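User: I have a structure open and would like to go through it slowly. Could you help me read it?

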Amino acid sequence: MTDKPLQVDFKIFGGDERGLYYEQTHRALIFLNNHESLDDIYQTIQHEVIHHIIRNMEDIDELQEESLIFRMQWAKFSIF
């Protein structure tokens, strides 16, 4: 677990990504122009925060990490 807190920055314009997490600097960028609603922005923030939390798990690769985050974010819809 890292002791350095996550820093989240918002950009009005960016590339094709909705958000990016930089492990080395513990920084997340959220690109507002690639979202359709406030809820969409909240989901991206949550996604990047989860990256920050689980990034230090050594027995998980990037594909497994993305799959885990996807399942966590959609779990409430699959339960009901």
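Analyst: What follows is a walk through the strands, the salt bridges and the helices.

Analyst: This is a predicted model, in which local features need pLDDT of at least 70 and side-chain atom pairs count only at pLDDT 80 or more, while totals for chains, interfaces and linings use all residues. Residues are numbered from 1 along each chain as its sequence is written, and side-chain values use heavy atoms, with hydrogens and water left out.

User: Okay, where does Phe-10 lie?

Analyst: Phe-10 lies in strand β1, which covers residues 7-11; strands here are DSSP runs of E with at least two residues, helices are runs of H or I with at least four, and both are numbered from the N terminus.

User: Which residues does Phe-10 contact, apart from its neighbours in sequence?

Analyst: Leaving aside neighbours within four places in sequence, Phe-10 is in contact (heavy atoms within 4.5 Å) with Ile-30, Leu-32, Ile-41 and Ile-45. Thr-25, by comparison, is 15 residues from Phe-10 in sequence and 16 Å away in space, C-alpha to C-alpha.

User: What joins β2 to β3?

Analyst: Four bridges join β2 to β3 (residues 27-31), and the two strands run antiparallel; strands count as paired if DSSP finds at least two bridges between them. Tyr-21 has Ala-28 as its bridge partner in β3. The two strands form a hairpin with four residues between them, and His-26 in the turn has a positive phi of about 55 degrees.

User: How many salt bridges does the structure hold?

Analyst: The structure holds two salt bridges, where a salt bridge is a side-chain nitrogen of Lys or Arg within 4 Å of a carboxyl oxygen of Asp or Glu. In one of them, the side chains of Arg-27 and Asp-9 meet at 2.7 Å, N to O. Arg-27 lies in β3 and Asp-9 in β1, so this pair ties together parts that are 18 residues apart in sequence.

User: What about Arg-18, what does it pair with?

Analyst: Arg-18 forms a salt bridge with Asp-40, and their closest N and O atoms are 2.5 Å apart. Because Arg-18 lies in the loop between β1 and β2 and Asp-40 in helix α1, the pair ties together parts that are 22 residues apart in sequence. Arg-18 is partly exposed at 35% relative accessible area, whereas Asp-40 counts as buried at 18%.

User: Which residues of α1 are buried?

Analyst: Among them are Ile-41, His-47, Ile-50, His-51 and Ile-54, along with Asp-40.

User: Last one: where is Ile-69, and what does it touch?

Analyst: Ile-69 is in helix α2, residues 62-79, and it counts as buried because its relative accessibility is 0%. Leaving aside neighbours within four places in sequence, Ile-69 is in contact with His-47, Ile-50, His-51 and Ile-54. Ile-69 and Ile-50 are 19 residues apart in sequence, but 6.9 Å apart in space, C-alpha to C-alpha.

How values were computed:
Buried means under 20% relative accessible area, exposed over 50%, partly exposed in between (1.4 Å probe, protein chains only).
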